[in-house]
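Please consult the sequence and structure shown below while reading.

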Amino acid sequence: MKPLLVIDGDSLAHRAYHALPKTIKRAGGKQSGAIVGFTNFIVRLWEAEQPRSVVVGWDTLEVPTYRHEAYEPYQSGRVFDPALLEQLPMLPELVRALGFTAGKAPGYEADDFLAAAVAAAKKKRWPALVVTSDRDSFQLASEKVTILTPTRGVSELTRIGPDEVRERYGVEPKQVPDFIALRGDPSDKLPGAPGVGPKRAAEIIREHGSLEKALKAGRFAPIAEELRLYRRIAALDASAPLPPLEDQSPLWAEASALLRDWGMNQMAERLAA
């Protein structure tokens with residue numbers, strides 16, 4: 001059965017931008033490495049996986065999410081190059097020109113659209129492939145959902161299923177938010193429980209079954225509410241608004257025309273071919 005291909009757009013755009021030379025430019029002398037790298041990657045994914053349709057989730061950087069409002073340090077200190085920020089808003093337009101679904105809405109992160117797409121695929125009994133470098137998404141892994149994690153820029157992919165999550169973290173995929181809450185996540189500025197590393201976090205989750213059960217058993221009483229907040233932040237929100245999923249066929253010619261309008265003739269010719 002053909003899978004639904006679900007892509008973390010921001011994650012791949014960032015990796016593409018940093019993996020390619022900053023000398024790649026389009027008309028007007030503006031950098032276009034993120035656009036080129038992202039386009040090449042999505043074409044390779046389509047050719048390799050032959051999905052039934054594609055959903056690409058995006059952050060909305062201009063508006064804080066409930067995570068930022070609930071926990072002020074969340075993702076603080078992140079700095080993006082102006083050249084990358086200039087290209088990011090163009091990519092959802094490219095995704096739509098390709099005939100694919102771009103999930104983006106104020107208050108939601110790209111990860112939330114991944115969760116929403118996986119939930120929709122589950123209702124249709126479709127398998128799903130989730131492409132992201134964010135390990136929070138390991139919570140989505142199941143017998144019908146495989147995580148594809150880019151390595152070496154965006155040139156290689158590692159496949160992560162439930163067995164790989166258990167091997168890496170020592171917990172079940174559904175327990176990943178509990179694990180992150182206890183262990184912490186430096187990239188998101190979540191401190192976790194003091195003195196609790198990955199191994200200990202996994203042991204506690206396995207012993208109690210969940211963070212909530214550990215808290216109700218009296219563990220970490222002084223910081224129980226903080227840990228509940230960290231778990232809420234780590235859990236993906238499958239209520240992100242997605243249009244109904246349908247089978248898709250790529251509109252290579254339309255996307256090629258858009259790239260030509262942007263002054264990216266070489267990339268346009270590749271899509272046209």
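**Pockets, cavity and a helix pair**

The largest pocket holds about 630 Å³ of space. The model is a predicted one. For the second largest pocket the corresponding volume is about 210 Å³, and the largest cavity contains about 50 Å³.

**Largest pocket**
- Its lining comprises 26 residues, with Asp-59, Gln-75, Arg-78, Phe-80 and Glu-109 lying nearest the centre.
- Helices α1 (9-19) and α6 (110-124) each contribute at least two lining residues; the largest share, three residues, is that of α1.
- By class, this lining has seven nonpolar, nine polar and 10 charged residues.

**Second largest pocket**
- Thirteen residues line this pocket, and Val-118, Lys-122, Ser-142, Lys-144 and Val-145 are nearest its centre.
- Helix α6 provides the largest share of the lining, three residues.
- The lining consists of eight nonpolar, two polar and three charged residues.

**Cavity**
- One cavity of 30 Å³ or more is found in a search of the whole structure.
- The residues lining the largest cavity include Arg-67, Tyr-74, Asp-134, Asp-188 and Leu-236.
- Seven charged, three nonpolar and one polar residue make up that lining.

**Helices α8 and α9**
- The axes of α8 (residues 176-183) and α9 (residues 198-208) come within 9 Å and cross at roughly 130°, and the two helices are therefore oblique to each other.
- Their crossing is right-handed.
- Asp-178, Phe-179, Leu-182 and Arg-183 of α8 meet Pro-198, Ala-201, Ala-202, Ile-204 and Ile-205 of α9; this contact has seven nonpolar, two charged and no polar residues.

Technical notes:
Residues numbered from 1 in each chain as written. Predicted model: local features only at pLDDT ≥ 70, side-chain atom pairs only at ≥ 80, totals over all residues. Heavy atoms only, no water. Axes fitted to C-alpha atoms, helices over the stretch in contact; angles between N-to-C directions. Helix = DSSP H or I, 4+ residues; strand = E, 2+ residues; numbered from the N terminus. Parallel < 35°, antiparallel > 145°, perpendicular 65-115°, else oblique. Left-handed = near helix turned anticlockwise from the far one by under 90°. Contact = heavy atoms within 4.5 Å. Nonpolar A, V, L, I, M, F, W, Y, C, P; charged D, E, K, R; others polar. 1 Å grid on protein atoms, 1.4 Å probe; cavity = no way out; pocket = protein on both sides within 12 Å on 5 of 7 lines; lining within 4 Å. Points joined across faces, edges and corners; volume = space filled by probe spheres on them.
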